[in-house]
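Please look over the sequence and the structure shown here before reading on. The report that follows takes up sheets, helices, single residues and pockets in turn.

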Amino acid sequence: MIDVLTFGETLVSITASDIGPLMVGARMQLSIAGAESNVAIGLARLGHRVRWTGCVGNDEFGEIILRTLRAEGIDTTLARTVPDAPTALMIKQQPIGQLSKVTYFRTNSAGTRIDPDLTGSALAEHPKILHVTGITPALSESALEAVTAAMTAATANGAHVSLDVNYRSALWPADKASKTLRPLAELSDTIFGSTGEIELITGKDADVASMTANGRVIVVKEGDDGATVLTDGGQFKRGAFEVPTVDTVGAGDAFVAGYLSAQLDGLDIKERLERACATGAFSVATHGDWEGLPTRRNLPLLNRGLNVTIR
Ligand code: KDG
């Protein structure tokens, strides 16, 4: 049985190796990126059975995505290679130190072709958790239909439905995102987002009682300040682990992977927060969207403190 199904657009990422503008030339490194596949990798590294689906182009970029996900132990058997659209590309740079900039080349990409047929077959083997993000509905009409249909079907099958708002201003304006994502939030059991992202779907003046109606859990990612979980049984807050920050992109996905992993292990909310903050810390303290995510063996490393040599 699959523990988690997730789907969305995975892109090839080309990241500048050095700090500074690209226009003077730069050494670049090839990898992959994508909020959902980052979560998939985080969960697979912790030993969970994960399926990712989505569309890639019939090109080497598509191959690197599928090879990488397979190498991470993720089931990609239902991913689709489309012949007439390219794999999306994302350029990542640090124009100045500690400031990351992402530029997308994803209009009409293969990833926009995801549709309810594909996600419906991926759901045929019922997962315990369906995890989606607010990026996918921004990609195309068929992608929005796929998300809505999958969330509805997963709920009917008794799966836990997880939504990370992941608002991307480069993809759509806030008012459109808000209007589209609100009904999807209604279909979710757990919602992740920054304070601003949560407001996008609940409105500014929403009270905790209405947000957590029907047992819904809201997990507010607060960056350096850690995170807060809102439930109908109370609020739980945890500070972030203190680690040196080298790259924050992907940290939210790492956090989600840790939280869902602890949930799958049957841990309570405080322990979920603990693991989420730990996986988030691994992400910010290492380079790349997903490369530094911990395995089960490495997870306790943070408890050893910094500036130590483990022998
Ligand atoms: O969450 C990190 C993502 O920003 C990155 O991996 C790419 O999915 C991505 C996106 O659409 O921004």
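## A pair of residues and the model

Which residue in strand 3 does Ala16 stand opposite? The residue opposite Ala16 is Met28, in strand 3. Helices and strands are here DSSP runs, numbered from the N terminus, with at least four residues (H or I) for a helix and at least two (E) for a strand.

This is a predicted model, in which local features need pLDDT of at least 70 and side-chain atom pairs count only at pLDDT 80 or more, whereas totals for chains, interfaces and linings use all residues. Residues are numbered from 1 along each chain as its sequence is written, and side-chain values use heavy atoms, with hydrogens and water left out.

Strands of a sheet pair through backbone hydrogen bonds, either parallel or antiparallel. Four strands form an open sheet in the order 3-2-7-8, with mixed pairing, where two strands count as paired if DSSP finds at least two bridges between them. Strand 3 and strand 8 stand at the edges with a single partner strand each, so one side of each is left without a neighbour in the sheet. On average, neighbouring strands of this sheet are turned by 25 degrees against each other, direction ignored; axes are lines fitted to C-alpha atoms, for helices over the stretch in contact, and angles run from 0 to 180 degrees between N-to-C directions.

Within this sheet, strand 2 and strand 3 are joined by six bridges and pair in the antiparallel sense. Helix 2, made of residues 60-71, lies across strand 2, strand 3 and strand 7, and runs at about 65 degrees to strand 3.

Strand 13, residues 227-231, runs antiparallel to strand 14, and five bridges join the two; here Thr231 stands opposite Gly234 in strand 14.

## Helix 1

Helix 1 is mostly covered, with eleven of its eleven residues buried, where buried means under 20% relative accessible area, exposed over 50% and partly exposed in between, for a 1.4 Å probe and protein chains only. Among these buried residues are the charged Glu36 and Arg45 as well as Val39, Ile41 and Leu43.

The buried residues of helix 1 pack against strand 1 (4-7), strand 3, strand 4, helix 2, strand 9 (129-133) and helix 8. Just after helix 1, Gly47 takes a positive phi of about 95 degrees.

Thr279 has its place in helix 9 and is buried, with a relative accessible area of 2%. Leaving aside neighbours within four places in sequence, Thr279 is in contact (heavy atoms within 4.5 Å) with several residues, including Leu46, Phe255 and Pro294.

Val82 lies in strand 6, residues 80-82, and is likewise buried, at a relative accessible area of 6%. Val82 and Val56 are 26 residues apart in sequence, but their C-alpha atoms are 6.2 Å apart in space. Apart from neighbours within four places in sequence, the contacts of Val82 include Cys55, Asn58, Ala110 and Arg113.

Rolling a probe the size of a water molecule over the atoms shows where empty space is left. On a 1 Å grid over the protein atoms alone, a cavity is a set of points where a 1.4 Å probe fits but cannot get out, whereas a pocket is an open set with protein on both sides within 12 Å along at least five of seven lines, and lining residues have an atom within 4 Å of a point. The largest pocket has a volume of about 1,000 Å³, a volume being the space filled by probe spheres set on the grid points, which are joined across faces, edges and corners. Its lining has 43 residues, and Thr248, Val249, Gly250, Ala251 and Gly252 lie nearest its centre. Helix 9 gives the largest share of this lining, five residues.

The second largest pocket has a volume of about 390 Å³ and is lined by 19 residues. Strand 3 gives the most to this lining, with four residues.
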